[in-house]
Amino acid sequence: MIDLEAGITDPPTAPTGATCWICLEEGPDGGGEPLMRDCACRGQSAGYAHISCVVKYAQSRLDVCVTAWKECPLCAHGYQGRVALTLSNHFVAKTQSRGKNHPLRLDAIEYWAYCQLLHDNEYALSLFRRLRGLANSRQKDFWWPMFWYGVGRAHEEKGESSEALTWYEKATGCSGFTALEQSIKDKMENALRRVRSDLGLPNSTRSEVDICRQRILNAEDEYHSFKCKQALAECLANDKQLSEALEVGKECVDYFERVSGPGHIMDTFSARATLSSIKRKKHSAEREEILRLQMAFLILAFIYFLSHSEDDEENGLDMNDPSATNVTLNGN
């Protein structure tokens, strides 16, 4: 049997008294499975859970929110190490019964490839080396470009831009994208342009925002128009046009909540996830602006203090002398 988690070290052992935040049981479960934590949670007990409990929790939310497979709901940060690898394996297994091009199946494939390479899984690395030469002509299912995209994303996060470029080009070079899959291809193309820019290579003269606006105009119906608008909101956010991105994101959420039926429930959750991401970016940008203003104020105050100290010294005033300070403050 292939060990899909070969070479991966376990996270630190949970301290005595720690409990699983899902089942609330202390220490290992009945099968001896230990408590694990590989996220951004801190403290003696926060974030610890049995992997099997996390799998059950994510499975219960599979048709509602796929982030349960990828992020800790307590700290909202992505899982790392063995926890991420194990969850990605289960994510693929739990979506295997879906159609090959089902959105959940595609998401699972992309996340699995991303996790395996990001954490240097020994088996996955040898698999990727064999698959790298696979001709695009054999990619008859859409999950192949999703696989390439996940590998490229991991390379990019590891700072390996040249490798990321190779895999992104394979992903975007595939044909047969349907209108429903266009937003995913937009992400792939955005990633490709980003890496090309990092490597100093030329990109298309048309901006991502302009391309999205044109696709909205060419959309075959209202539904596909809003799918293109969702991609536009993401591009606007990446381009730091956060106010417009927030407005477009809200418009998309309102539309999908109002129109989407049971067959398109993932569209609603996808739009909500996009809007949440934009809100986080806007909040972060506002905090950075506040910090910049505070820093500018401190610099000005320091300069003001220095200039007045020099004036006092020129006037022969000793700032350490209380009487001189009182005279200065009283204006006499």
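Colleague: What pattern does the protein follow along the sequence?
Modeller: This is a predicted model, in which local features need pLDDT of at least 70 and side-chain atom pairs count only at pLDDT 80 or more, while totals for chains, interfaces and linings use all residues. Residues are numbered from 1 along each chain as its sequence is written, and side-chain values use heavy atoms, with hydrogens and water left out. With helices (H or I, at least four residues) and strands (E, at least two) taken as DSSP runs numbered from the N terminus, the protein has 12 helices and 0 strands. Read along the sequence, the pattern is α-α-α-α-α-α-α-α-α-α-α-α.

Colleague: How many residues of H3 are buried?
Modeller: Buried means under 20% relative accessible area, exposed over 50% and partly exposed in between, with a 1.4 Å probe and protein chains only; by that criterion 41% of the 332 residues of the protein count as buried. H3 reaches 22 Å from its first C-alpha to its last, close to the 22 Å expected at 1.5 Å a residue, where the expected span is 1.5 Å times one less than the number of residues. The helix is mostly covered, and its buried residues number 15 of 16.

Colleague: Is His119, in the loop between helix H3 and helix H4, buried or exposed?
Modeller: His119 lies between H3 (103-118) and H4 (122-131), and its C-alpha atom is separated by 8.9 Å from that of Ala84, 35 residues apart along the chain. Because its relative accessibility is 15%, His119 counts as buried.

Colleague: How are H1 and H2 oriented to each other?
Modeller: Ile51, Val54, Val55 and Gln59 in H1 meet Val83, Thr86, Leu87, His90 and Lys94 in H2, contact meaning heavy atoms within 4.5 Å. Their axes, which are lines fitted to C-alpha atoms over the stretch in contact, with angles from 0 to 180 degrees between N-to-C directions, come within 10 Å and cross at roughly 40°. Angles under 35 degrees count as roughly parallel, over 145 as roughly antiparallel, 65 to 115 as roughly perpendicular and the rest as oblique, and H1 and H2 are therefore oblique.

Colleague: What is the handedness of the crossing in which H8 passes H9?
Modeller: The axes of H8 (residues 208-218) and H9 (residues 222-238) come within 9 Å and cross at roughly 165°, and the two helices are therefore roughly antiparallel to each other. A crossing is left-handed if the near helix is turned anticlockwise from the far one by less than a right angle, and right-handed if clockwise. The crossing of H8 past H9 is left-handed.

Colleague: How far apart are the end C-alpha atoms of H10?
Modeller: The buried residues of H10 include Leu242, Cys252 and Phe256. At 1.5 Å a residue, the 18 residues of H10 (residues 242-259) should span 26 Å, which agrees with the separation of its end C-alpha atoms, 25 Å.
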